[in-house]
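Q: I would like a close look at one part of this model, the contact between two of its chains. Please keep to what can be computed from the atoms.

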There are 4 protein chains.
Amino acid sequence: MTERSVKNMSPRTKKQFEEIRQEKRDLILNTALEVFATHGYHGASISTIASHAGIAKGLMYSYFESKEALLKAILEKGVRDILEVFEHMVNKEITPEILRKLLQTFFVQLKENGAFWRLYFAIAMQPSVMELLENEFESLVNPYMETLKRYYRGQGSKNPEADALLAHAIIDGITLNYVMVHHNFDMNKVEQIIIERLEKPSYL
Amino acid sequence: MTERSVKNMSPRTKKQFEEIRQEKRDLILNTALEVFATHGYHGASISTIASHAGIAKGLMYSYFESKEALLKAILEKGVRDILEVFEHMVNKEITPEILRKLLQTFFVQLKENGAFWRLYFAIAMQPSVMELLENEFESLVNPYMETLKRYYRGQGSKNPEADALLAHAIIDGITLNYVMVHHNFDMNKVEQIIIERLEKPSYL
Amino acid sequence: MTERSVKNMSPRTKKQFEEIRQEKRDLILNTALEVFATHGYHGASISTIASHAGIAKGLMYSYFESKEALLKAILEKGVRDILEVFEHMVNKEITPEILRKLLQTFFVQLKENGAFWRLYFAIAMQPSVMELLENEFESLVNPYMETLKRYYRGQGSKNPEADALLAHAIIDGITLNYVMVHHNFDMNKVEQIIIERLEKPSYL
Amino acid sequence: MTERSVKNMSPRTKKQFEEIRQEKRDLILNTALEVFATHGYHGASISTIASHAGIAKGLMYSYFESKEALLKAILEKGVRDILEVFEHMVNKEITPEILRKLLQTFFVQLKENGAFWRLYFAIAMQPSVMELLENEFESLVNPYMETLKRYYRGQGSKNPEADALLAHAIIDGITLNYVMVHHNFDMNKVEQIIIERLEKPSYL
DNA sequence: GATGAATGAGCTTTCATTCAT
DNA sequence: TATGAATGAAAGCTCATTCAT
């Protein structure tokens, strides 16, 4: 033990401890997201997650109660992060410019956070895993559908619901294809096409 | 028990054995599709599949070499069934009428075979399961993209690739939403909207 | 069904049935010996044995009560065959010539029946399998040790027991080496050396 | 529980972990040797080995990758131990005294390590298990045959190869008989006879 | 007698979770 | 807080044995 480390033995402040805990928690969360997204919930093991995060298996259990709790925490965080980005856009009146912005932001999100979306879809597809989650996701989808409807109504759509539905399907479809590994289309080009397309309602 | 079956103690004929095997193989295949679609590949256990099919665990292994082989067989059959339905439509010149027909057929397929599509997407989302499959699915997606492109070119699209991409995204998105349990929108209404919409190119 | 086979429906005589049964029994016995000798008792499966013999699994159970009973039958037959060959030599007074003959006969046996000896040793080495067999083998070893002792006493050995022991060890050792797969020494040459050597007692 | 251990809640040091692992590894290795030697490779179950070692089934897999890897480790260790004992004797010029010593050492080894030799022979007898092992054993047998040949040549044998072969067969035979459970001859007496006998060449 | 589909106990192996240190 | 050895339930898979035909 060096002189220095002896000096450092002075107790860390509560705040320091909390910061360290928070950092480690985030490390685990991010690592687990990657691993879950790659192998699926059942296919990913706590061992793998721990070793990817460079910590011991046991430590994970001091941050999360169980594997299931870890999954929930990941999804909660993911949903929260996304809502944070969009919430200030969603309740305003939406202009075509704002919609463009909104979509651009979404695509940035998607590219930065592909793993989350892959996990999201994988889980959404599996009723038995979905059950663990109750309605974690309702909050994610509903307000954005409403916003789309309002937008198309504002743009003079004769069938704003159909327009919103179409837009939703298009975005889901694009997200899906981006996220599916075997499919590496040129996202930047696609973005342009989609944004242009979604601006105008179909039902005029 | 009939008179005949009491007297007839001779062994089953080859044909009888083959029938039994074919029927049971199909039973296992169908049951396993349901269970995989519900719990995912790793989340579904052979035990569960067997008990759903009303057979003993061991019997599955007399029909399929392994859990992985079972998955592959399910997907092969699924892909084959779908290709069969579409192959006579795909290489013709496509008129709007034929496209309508094609989409209607697809939606019928989808409604009859939701479990397959759920499994398809769930697997496509998980690189580590996907690897087991090599490119089982390439054959499913490629020809149908080409057909779409040809159609929109024929309809005077200035950007047939973009139109095909949009159409693909829309269909994927709809399929996805239909297949995700928590979302039970009125498919019949959606179908009408989609079919109308996809008939005309966006880029004129 | 052909004319001919209809005519042949006349019941077979009891004797014919028994002959067929005996032949099939021997077929199973010989096949099982090979398979047991290659894979060991636990490593050999009834399926493998049946398919090597070209019969259905179930049929084996109409000839032998169980896998264990099959093993016992193999060993009983093997021991019986060997005793048959030697019994007329064993209780006579043994001359050097007869000993030579006896050893030659043994080596012929060994070469014709390597699988039996491999199985014999493999089983003798495993207390837990050996237990199934009670003292099937005592009868095989004892009389031949006595014969050796008598022989060396007759040849003027000062320690006939030691001489018999040596001879026994040498024969076991040779048999063992012949039977172990990875060791393919020139048996014909070895035979000569051994026979010469065993003729004379060591303790004079 | 000591004062110290109550207070000391710091994690085990690397060295402590290594010690635990080494000890447990040896425990598993030794226990498994006994169990394999008793029941054979296929007849011994991991469950049985674990319960004999007083550990949970799963723990074995934290020390060895598989049942097969466990077997290999046992044999590697056994071969290494034996080679260690003999290597300093094997490459010297061998006098009768050294041969006596060598044989005595071998018999001590044999008595201490009967289980290893039983396993060795049982495995050598089963081609299908032997295949797992590649030529683990070549290194064990070859140098010792060469040493024997050199010895008998030095002692004036006219046929040192035949003498070595005989010696080898005798030793194998004795080992075999010692190791076979149902045969409990007086090893000490046998040793004396063998050692005396092997000292002099047969071919003078 | 002959077949092979079917069973289920038991095997090898994995992994979420616990716990002494 | 942090470690990783340890557990045991449950997974995938095998195989001796049974039985309807």
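How many residues does the contact take from chain B, and how many from chain A?

A: The contact takes 39 residues from chain B and 38 residues from chain A, where contact means heavy atoms within 4.5 Å. This is a predicted model, in which local features need pLDDT of at least 70 and side-chain atom pairs count only at pLDDT 80 or more, while totals for chains, interfaces and linings use all residues. Residues are numbered from 1 along each chain as its sequence is written, chains are lettered from A and ligands numbered from 1 in the order in which they are written, and side-chain values use heavy atoms, with hydrogens and water left out.

Chain B and chain A bury about 3600 Å² between them; buried area is the accessible area (1.4 Å probe) that two parts lose on being put together, summed over both. Carbon and sulfur atoms account for 71% of that area. Between chain B and chain A there are zero salt bridges (a side-chain nitrogen of Lys or Arg within 4 Å of a carboxyl oxygen of Asp or Glu). Eight residue pairs, both at pLDDT 80 or more, are in polar contact between chain B and chain A. A polar contact is a pair of N or O atoms within 3.5 Å; within protein, one must be able to donate a hydrogen and the other to accept it, and residues adjacent in sequence count only if both atoms are side-chain atoms.

On the side of chain B that touches chain A, at least two residues each come from α2 (14-39), α7 (114-124), α8 (127-130), α10 (160-179) and α11 (187-199) of chain B. Helices here are DSSP runs (H or I, at least four residues), numbered from the N terminus. The largest share, twelve residues, belongs to α10(B). By type, this side of chain B has 22 nonpolar, twelve polar and five charged residues. Nonpolar means Ala, Val, Leu, Ile, Met, Phe, Trp, Tyr, Cys and Pro; charged means Asp, Glu, Lys and Arg; the others, Gly among them, are polar.
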